[in-house]
Amino acid sequence: MGKSWTVEEIRKEMKKMDKILGKKGSELPIKINKRMTRSLGMYKFKIEDKKIIPICFEFAPKTVSGEFDEKTVIGIIRHEYAHYAANDIHKEACGHDRRFKSICELIGAPGNAVMKKR
């Protein structure tokens with residue numbers, strides 16, 4: 001069992017990524033979405049006039065409940081932040097491509113889409 005995470009603790013972790021990359025992802029809304037049962041985290045955005053518009057970060061309750069150890073939760077937070085940063089830097093949806101994975105390496109995030117419980 002790990003510790004429970006608050007939205008402010010998630011934001012604090014994202015501020016570290018802001019400093020590394022010179023971004024402002026930590027200023028986006030952060031939500032705990034009770035409907036998330038299959039994924040642990042998500043960066044939401046929309047595309048308007050061919051531009052990426054960031055919306056928010058969402059995390060599943062089980063991600064922040066203490067079910068996962070701290071290292072795993074930090075990895076999930078950083079992985080979702082990397083999606084934000086890749087899209088912001090490259091001005092298009094990057095998915096899990098090489099540009100995304102390069103950012104993951106910079107911020108110490110796992111580049112894979114599936115997180116396994118430890």
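This report describes the strands and the aromatic rings of a predicted model.

## Strand pairing

Strand S3, which covers residues 51-59, takes part in two pairings: strand S1 (residues 30-32) runs parallel to S3 and is joined to it by 3 bridges, while strand S2 (residues 41-48) runs antiparallel to S3 and is joined to it by 8 bridges.

Between S2 and S3 lie 2 residues, and the two strands form a hairpin; in its turn, Asp 49 has a positive phi of about 50°.

## Aromatic pairs

The count of aromatic pairs in the model comes to 6. One of them is formed by Tyr 43 and Phe 45, whose rings are stacked at 5.5 Å centre to centre with 25° between the planes. Tyr 43 is buried, having a relative accessible area of 7%, whereas Phe 45 is partly exposed, with a relative accessible area of 30%.

Phe 57 and Tyr 81 form another stacked pair, with 6.4 Å centre to centre and 5° between the planes. This pair links distant parts of the chain, as Phe 57 belongs to strand S3 and Tyr 81 to helix H3 (residues 70-90), 24 residues apart. Both Phe 57 and Tyr 81 are buried.

Taken together, ring pairs link Tyr 43, Phe 45, Phe 57, Tyr 81 and Tyr 84 into a cluster.

## A charge over a ring

A contact of another kind involves Lys 3 and Trp 5: the charged end of Lys 3 sits over the ring of Trp 5, at 4.3 Å from the centre of that ring.

Terms used: Residues numbered from 1 in each chain as written. Predicted model: local features only at pLDDT ≥ 70, side-chain atom pairs only at ≥ 80, totals over all residues. Heavy atoms only, no water. Pairing = 2+ DSSP bridges. Helix = DSSP H or I, 4+ residues; strand = E, 2+ residues; numbered from the N terminus. Phe/Tyr/Trp six-rings, centres within 6.5 Å; stacked < 30°, edge-to-face > 60°. Buried < 20%, exposed > 50% of the residue type's maximum accessible area, 1.4 Å probe, protein only. Lys NZ or Arg CZ within 6 Å of the ring centre and 35° of its normal.
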